[in-house]
Amino acid sequence: HLLGWSQYVASLLTRTPEALRLLADDAELEPRPAAVLAKAWGAAAGRAADPQEGIRVLRGLRRQELLRMAASDLLGRLDVVRLGRALTDIAAATLQVGLDVALRAHALEAGIDPADMPMDMAVIGMGRLGGGEMGFGSDADVLFVHRPRDGADDGRATAAANAVAHTLRRLLSEPAPDPAFEVDADLRPEGRQGALVRSLSAFREYYERWVSVWEVQALLRAVPVAGDEQLGADFVAMIDPIRYPEAGLTDEQVAEIRRIKARVERERLPRGADPATHTKLGRGGLSDVEWTVQLLQLQHAAEVPELRVQPTVEGLAAVGDAALLDAEQTEALRSAWELATRARNAIFLVRGRPSDQLPRPGLELAGVARACGYGPDTDPGHFLDDYRRTTRRARAVVDDVFYGRPPAG
């Protein structure tokens with residue numbers, strides 16, 4: 001079943017044949033929390049002779065864990081929310097152990113003990129990583145923050161933090177037969193033109209003086225995932241008043257968010273893509289649902305603390321409980337988000353590479369439908385019809401709630 005329907009699983013098993021033992025016991029297919037993974041992986045990487053070998057060990061362990069989750073998903077043992085959490089835990093553990101290796105590598109190069117580094121560092125998860133919604137093909141969106149230790153020179157601390165962050169990204173992204181793990185820091189202040197790492201005080205100054213509404217929206221999913229826990233908690237305390245504005249949003253800010261979303265729809269949907277079946281940017285797809293939930297969070301989270309959550313499904317539940325959407329609207333958005341997420345993961349498992357576009361009718365579509373839980377005797381066209389109908393309902397809610405367009409008739 002696994003080899004017949006998933007190029008991804010076949011590829012992973014080819015590189016890790018010993019992992020077949022995972023299939024001998026159902027208990028082996030259960031997800032493991034990030035803290036458990038990081039502890040075991042950190043011990044294994046710490047025994048390596050050098051940082052490069054430590055990363056090779058880490059990659060092998062990550063590969064086996066991805067295989068575990070791919071098999072569990074295809075065998076119907078995980079719902080889409082638990083799968084997203086499990087893949088997020090794998091990413092967080094990878095970042096934690098990778099950061100530890102990068103810190104040791106810098107200390108070795110600088111000729112100092114790792115305990116004598118001039119700064120503390122934290123990695124803040126953004127996007128799907130922060131939301132606990134990673135997919136098999138997701139990059140890890142992050143911010144790097146540091147804080148000089150008492151008595152340390154600010155310039156030396158900043159230089160060391162930048163060196164560690166660059167080392168971490170380089171080590172994790174070097175060409176290898178293992179599944180790629182891209183650490184994307186483009187959501188940082190000033191994007192690719194900005195500093196890769198900023199101090200906590202520099203982040204505070206930027207957000208107080210220059211933050212734009214889209215950056216505030218991005219901070220809704222900011223969560224510490226690796227590094228110094230106190231620094232991560234202090235970062236969250238700093239951004240909470242920014243991402244949950246006491247006065248909500250002005251009409252101009254709402255209009256700006258709508259303009260940005262409309263531009264994304266026009267400019268980022270790939271040429272030739274079918275907007276009815278593009279899982280990310282298509283009508284009623286992931287972007288539609290997530291932006292709608294995030295707009296409601298920005299408008300109401302200051303007065304409704306239950307909205308201060310990162311996962312989309314939890315945000316939807318809170319929105320429904322607060323009566324900001326009725327039960328039918330909430331269910332329409334939740335169903336579309338879960339189906340689009342499941343389909344996006346299924347495309348990756350079947351093809352062995354990421355894509356946001358559902359395949360055309362044929363063997364690949366049959367595989368995607370099967371990976372989404374449709375039986376072997378079910379016409380894949382039924383899956384396609386279900387997808388279009390579900391996302392159409394969600395888009396009607398998005399038009400009404402996000403864009404403020406009343407339904408026709």
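Which residues make a nonpolar surface patch of about 260 Å²? Leu 20, Leu 23 and Leu 75 make it. Patch members have over 30% relative accessible area and no salt bridge; like charges are joined within 9 Å, and nonpolar side chains (Val, Leu, Ile, Met, Phe, Trp, Tyr) within 5 Å. Areas come from the Shrake-Rupley method with a 1.4 Å probe, and for residues only the protein chains shown count as cover.

This is a predicted model, in which local features need pLDDT of at least 70 and side-chain atom pairs count only at pLDDT 80 or more, while totals for chains, interfaces and linings use all residues. Residues are numbered from 1 along each chain as its sequence is written, and side-chain values use heavy atoms, with hydrogens and water left out.

Leu 20 sits in the loop between helix H2 (7–15) and helix H3 (34–46). Its relative accessibility is 48%, so Leu 20 counts as partly exposed. The classes are buried (under 20% relative accessible area), exposed (over 50%) and partly exposed (in between), with a 1.4 Å probe and protein chains only.

Now the whole chain. The protein chain has 16 helices and 5 strands. Both are DSSP runs, numbered from the N terminus: helices are H or I with at least four residues, strands are E with at least two. The C-alpha trace spans about 70 × 55 × 35 Å along its principal axes. The radius of gyration is 22 Å, which agrees with the value near 22 Å for a compact globule of 409 residues. That radius is taken over C-alpha atoms, and the globule rule is 2.2 Å times the number of residues to the power 0.38. Of the 409 residues, 53% count as buried. The chain exposes about 18,500 Å², and carbon and sulfur atoms supply 49% of that area. Take the contacts with a separation of 6 or more: residues 24 or more positions apart account for 72% of them. Contact means heavy atoms within 4.5 Å.

The largest nonpolar core has 131 residues. Helix H5 (residues 80–110) gives the largest share of this core, 13 residues. A nonpolar core is a set of buried Ala, Val, Leu, Ile, Met, Phe, Trp, Tyr and Cys residues joined through side-chain atoms within 4.5 Å. Those with the most contacts inside the core are Leu 95, Phe 136, Val 142, Phe 144, Tyr 207, Phe 235 and Phe 383. Take Phe 383. Beyond its neighbours within four places in sequence, Phe 383 touches Leu 339, Ala 343, Leu 358, Leu 365, Val 368, Ala 369, Cys 372 and Tyr 374.

Arg 128 lies in helix H6 (residues 127–131). Leaving aside neighbours within four places in sequence, its contacts include Glu 133, Arg 221, Glu 290 and Arg 344.

Salt bridges come next. Each is a side-chain nitrogen of Lys or Arg within 4 Å of a carboxyl oxygen of Asp or Glu. The count comes to 31. In one of them, Asp 120 meets Arg 149 at 2.9 Å, N to O. Asp 120 lies in strand E1 (residues 119–125) and Arg 149 in the loop between strand E2 (140–148) and helix H7 (154–173), so the pair ties together parts that are 29 residues apart in sequence. Arg 149 is partly exposed at 31% relative accessibility.

Asp 288 and Lys 261 also pair, at 2.6 Å, N to O. Asp 288 belongs to helix H12 (residues 286–300) and Lys 261 to helix H11, so this bridge ties together parts 27 residues apart in sequence. Both Asp 288 and Lys 261 are buried.

Arg 334 is partly exposed at 27% relative accessibility. Glu 331 is partly exposed as well, at 32%. Salt bridges that share partners join Lys 261, Glu 265, Asp 288, Arg 395 and Asp 399 into one network.

Finally, the backbone. Most residues other than glycine have a negative phi. Glu 190, not a glycine, has a positive phi of about 70°. Glu 190 lies in the loop between strand E3 (183–184) and strand E4 (197–199). Ala 323 has a positive phi near 60°. Ala 323 sits in the loop between helix H13 (312–321) and H14, and is exposed at 63% relative accessibility.
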